[in-house]
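Me: Hey, can you walk me through this structure? I'd like to go over a few spots and ask as I go.

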Amino acid sequence: MSNNRLCKVLGIEKPIIQGPMAWVSTAPLVAAVSESGGLGVLGVGFAPLDFIRDQIIATRNLTSKPFGINVIMNSELLDHVTKVASEEKPPVIYADTLVGLDFELSRKYFSIWHELGIKVIVKASTIQDAMTAEKAGADAVIVKGWEGGGHTTYEATTVLVPQAANCLSVPVIASGGIADGRGMAAAIALGAEGIEMGTIFMCAEETVVHANVKGAMLKAGDMETVITGYSTDEPCRQLKNKLSEEMTEIENNYSKKEAAVKLKEVAESSLKKAMLEGDVEEKGAVMVGQIVPLITEIKSVKDIINDVLEGYHETISKMTKFEV
């Protein structure tokens, strides 16, 4: 991958990024991804300062290779994350955005982070936000399709990637619905220069989440995820369970404004309840992508990355022999 622009920009060996996930992508997982040649990213967007600092230090104790921290592009959160960044100088900041990236706000903080010697990646869910990110100074842009787990929007990865490749000059990373070499080959064919994966890393040996979470994922079949929370303007994809049923019922029976209030009440701490306490059936939220049926075993991070790359090369080889 020596000629890969994304690898050159980030100083990594393999163009694979581990998506940041709250309560999931902590130092053990992040360091394992970076040690295996990809880019691990700490999921600390809403975390207090001491936790962010401790996770950066813990990651550095496990790897000397590049890694990132995620930030939420929210004016109330950016100053406190920037304070930690100025002290600890993580190699990469991963700017998380839903819809509506503010250009002036982005340009201000991207400039500050660049002055600290930090590379900036932006995750966008629309082409307009992807373009805004590049204009504001992002070093690379992730476009995430609605197939992905956690926060999602309205377009597919296969729709977003070629559009982004057409209009951006910085490296494009494909995210959403990718968990093997075939998915990576498809992303590259569409114009991406790297991929982001989240769901598959949730089942890595190094991921410190409750065993019930991994068990539920290994059992999941097709059509067993659902998007909830449209009323909050922050929809999320998760495994179906009693919580998702309750949330869907609320959205079907209340106005958008009323539903948004009620959803926040029933979903409070739902991620923590699943990831740390193991409640995957009642009140916990397991935020995985539609690709979850392809995950059938728990493997090390190193094996996950190597298997994806091997599958990518096998797929490319088959494609060169395919006649049309």
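Me: Where does T59 sit?

Reply: T59 is in helix 3, which covers residues 49-62. Keep in mind that this is a predicted model.

Me: Ok. Is T59 buried or exposed?

Reply: Buried: the relative accessible area of T59 is 0%, and the cut-off for buried is under 20%.

Me: Which residues does T59 touch, if I skip its neighbours within four places in sequence?

Reply: T59 is then in contact with A27, V30, A31, L42 and F67.

Me: Staying with helix 3, what does R53 pair up with?

Reply: R53 makes a salt bridge with E87, and their closest N and O atoms are 2.9 Å apart. R53 lies in helix 3 and E87 in helix 4 (residues 75-88), so the pair ties together parts that are 34 residues apart in sequence.

Me: Why would two side chains like that pair at all?

Reply: Side chains of opposite charge can pair when their charged atoms come close.

Me: Which residues are in the salt bridge network with E87?

Reply: The network links D50, R53, K83 and E87.

Me: How many salt bridges turn up in the whole structure?

Reply: A search of the whole structure gives 13. One of them joins the side chains of D233 and K256, at 3.0 Å from N to O. That pair links distant parts of the chain, 23 residues apart: D233 is in the loop between strand 10 and strand 11, and K256 is in helix 12. K256 counts as partly exposed, with 49% relative accessibility.

Me: You mentioned helix 12. What about E265?

Reply: E265 is in helix 12, which runs over residues 256-267. E265 counts as exposed because its relative accessibility is 55%, and exposed means over 50%.

Me: How far is E265 from M131?

Reply: Their C-alpha atoms are separated by 35 Å, and the two residues are 134 apart along the chain.

Me: What does strand 5 pair with?

Reply: Strand 5 pairs with strand 4 (residues 92-96) in the parallel sense, over 5 bridges. I93 stands opposite V120 of strand 5. Between strand 4 and strand 5 the chain goes through helix 5 (residues 103-115), and that β-α-β crossover is right-handed.

Me: And strand 6?

Reply: Strand 5 and strand 6 (residues 140-144) run parallel, joined by 4 bridges. K123 has I142 in strand 6 as its bridge partner. The chain crosses from strand 5 through helix 6 (residues 127-136) to strand 6, in a right-handed β-α-β crossover.

Me: Do side chains in a strand point one way, or to opposite faces?

Reply: In a regular strand, the side chains alternate between the two faces of the sheet.

Me: Where do strands 10 and 11 come in?

Reply: They belong to an open sheet of 3 strands in the order 7-11-10, with antiparallel pairing. Strand 7 and strand 10 (225-228) are the edge strands, and each pairs on one side only. Strand 10 and strand 11 (residues 236-239) are joined by 4 bridges, and T225 stands opposite L239 in strand 11.

Me: Last one: which residues form a nonpolar patch on the surface?

Reply: W146, Y154 and Y230 do, with about 330 Å² of accessible area together. Y154 is placed in the loop between strand 7 (150-151) and helix 7 (157-167). Y154 is exposed, with a relative accessible area of 57%.

Key: Residues numbered from 1 in each chain as written. Predicted model: local features only at pLDDT ≥ 70, side-chain atom pairs only at ≥ 80, totals over all residues. Heavy atoms only, no water. Helix = DSSP H or I, 4+ residues; strand = E, 2+ residues; numbered from the N terminus. Buried < 20%, exposed > 50% of the residue type's maximum accessible area, 1.4 Å probe, protein only. Contact = heavy atoms within 4.5 Å. Pairing = 2+ DSSP bridges. Right-handed = clockwise from strand over helix to strand, strands pointing away. Patch = residues over 30% accessible without salt bridge, like charges linked within 9 Å, V, L, I, M, F, W, Y side chains within 5 Å. Areas by Shrake-Rupley, 256 points an atom, 1.4 Å probe, with all protein chains shown as cover. Salt bridge = Lys/Arg side-chain N within 4 Å of Asp/Glu carboxyl O.
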